[in-house]
Each structure stands twice: as structure tokens, then as C-alpha cells.
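Please keep the sequence and the coordinates at hand while reading.

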Amino acid sequence: LKNFKKQGLVPIGKNFDNTEIKILDNELLVSGDSVVDGYMEKKLSKEKFSIINNKNWYSTGDLVKKIEGKYFIYGRKDTLI
């Protein structure tokens with residue numbers, strides 16, 4: 001972890017049981033029991049949720065890197081804080 005901290009990075013931890021994570025175009029996606037089917041606003045749902053290999057994935061907006069098996073957030077796709 002010392003090497004990561006020198007680069008200004010801290011790992012985000014590990015995913016919950018029954019939850020999967022993946023990186024698509026540098027963005028963190030989450031799927032699993034805790035992910036809802038979508039938002040009430042259909043337009044926003046189309047932007048944030050997608051079906052990949054018959055699974056519902058939520059696009060978090062977090063830009064991530066996977067280094068030595070650990071995930072690190074280095075920014076956002078949007079201006080959300």
C-alpha cells in the first residue's frame with residue numbers, strides 16, 4: 001500500500017458478497033443483488049444501467065484503475081462529488 005499512497009492512490013476495498021464489479025472504458029460498473037433495475041426516470045436509466053451478458057449493470061461514473069488486483073478510483077466521468 002505504501003507504493004500506491006506514493007502515487008496518491010488508495011484502494012476502494014472489495015465488493016460485497018453477491019456483487020460483481022468490472023471496468024468498462026475506465027468506468028466502474030456494479031452488478032448483483034443490491035443493484036436495482038433502474039431509475040423511475042427512463043432517460044436516466046438508459047444512461048446509467050445496461051444489460052451485459054444477461055446481467056443488469058450500473059455505471060457508477062467513477063473512473064478506476066486495476067493495479068495488482070486492487071481497484072483504485074482516480075476521478076469521475078461527471079462533476080458529481
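Asparagine 53 is placed in the loop between β3 and β4, where helices (H or I, at least four residues) and strands (E, at least two) are DSSP runs numbered from the N terminus. Its phi is near 50°, a positive value in a residue other than glycine. Most residues other than glycine have a negative phi, and most peptide bonds are trans. With a relative accessible area of 69%, asparagine 53 is exposed; buried means under 20% relative accessible area, exposed over 50%, and partly exposed in between, with a 1.4 Å probe and protein chains only.

The model is predicted: local features need pLDDT of at least 70, side-chain atom pairs count only at pLDDT 80 or more, and totals for chains, interfaces and linings use all residues. Residues are numbered from 1 along each chain as its sequence is written, and side-chain values use heavy atoms, with hydrogens and water left out.

The protein contains two helices and five strands, and from the N terminus on its elements follow the order α-β-β-α-β-β-β. The C-alpha trace spans about 45 × 30 × 20 Å along its principal axes. Of the 81 residues, 28% count as buried.

The strand pairing can be followed from β1. Strands β1 and β2 run antiparallel and are joined by six bridges; two strands count as paired if DSSP finds at least two bridges between them. Threonine 19 stands opposite glycine 32 in β2. The hairpin of β1 and β2 has two residues between the strands, and aspartate 25 there takes a positive phi near 55°. Asparagine 26 is also placed in the loop between β1 and β2, and its phi is near 70°, again a positive value in a residue other than glycine. Asparagine 26 counts as partly exposed, at 43% relative accessibility.

Strand β2 also runs antiparallel to β4, to which three bridges join it. Valine 30 has tyrosine 58 as its bridge partner in β4. Why is β2 largely enclosed by the rest of the structure? Five of its six residues are buried, so β2 is largely enclosed in this way.

The aromatic contacts come next. A pair of aromatic rings is described by the distance of the centres and the angle of the planes. Rings of Phe, Tyr and Trp (its six-membered ring) pair if their centres lie within 6.5 Å; planes under 30 degrees apart count as stacked, over 60 as edge-to-face and the rest as tilted. By this rule there are three aromatic pairs. In one of them, tyrosine 39 and phenylalanine 49 are edge-to-face, at 5.3 Å centre to centre and with 75° between the planes. Tyrosine 39 lies in the loop between β2 (27-32) and α2 (42-48), and phenylalanine 49 in strand β3 (residues 49-52), so the pair ties together parts that are ten residues apart in sequence. Phenylalanine 49 is buried, with a relative accessible area of 11%, whereas tyrosine 39 counts as partly exposed at 33% relative accessibility.

Tyrosine 39 also pairs with tyrosine 58: the ring centres are 6.5 Å apart and the planes stand at 85°, so this pair is edge-to-face. Tyrosine 58 belongs to strand β4 (residues 55-67) and tyrosine 39 to the loop between β2 and α2, so the contact ties together parts that are 19 residues apart in sequence. Tyrosine 58 counts as partly exposed, at 22% relative accessibility. Tyr39, Phe49 and Tyr58 form one aromatic cluster.

Lysine 22 lies over the face of tryptophan 57, at 4.7 Å from the ring centre. The charged end of lysine 65 sits over the ring of tyrosine 74, 5.2 Å from its centre.

Finally, a pocket is an open set of points on a 1 Å grid over the protein atoms alone, where a 1.4 Å probe fits, with protein on both sides within 12 Å along at least five of seven lines; lining residues have an atom within 4 Å of a point. The lining of the largest pocket includes Ile12, Phe16, Thr19, Leu28 and Val30. The elements that give two or more residues to this lining are β1 (19-24) and β2.

Methods
Lys NZ or Arg CZ within 6 Å of the ring centre and 35° of its normal.
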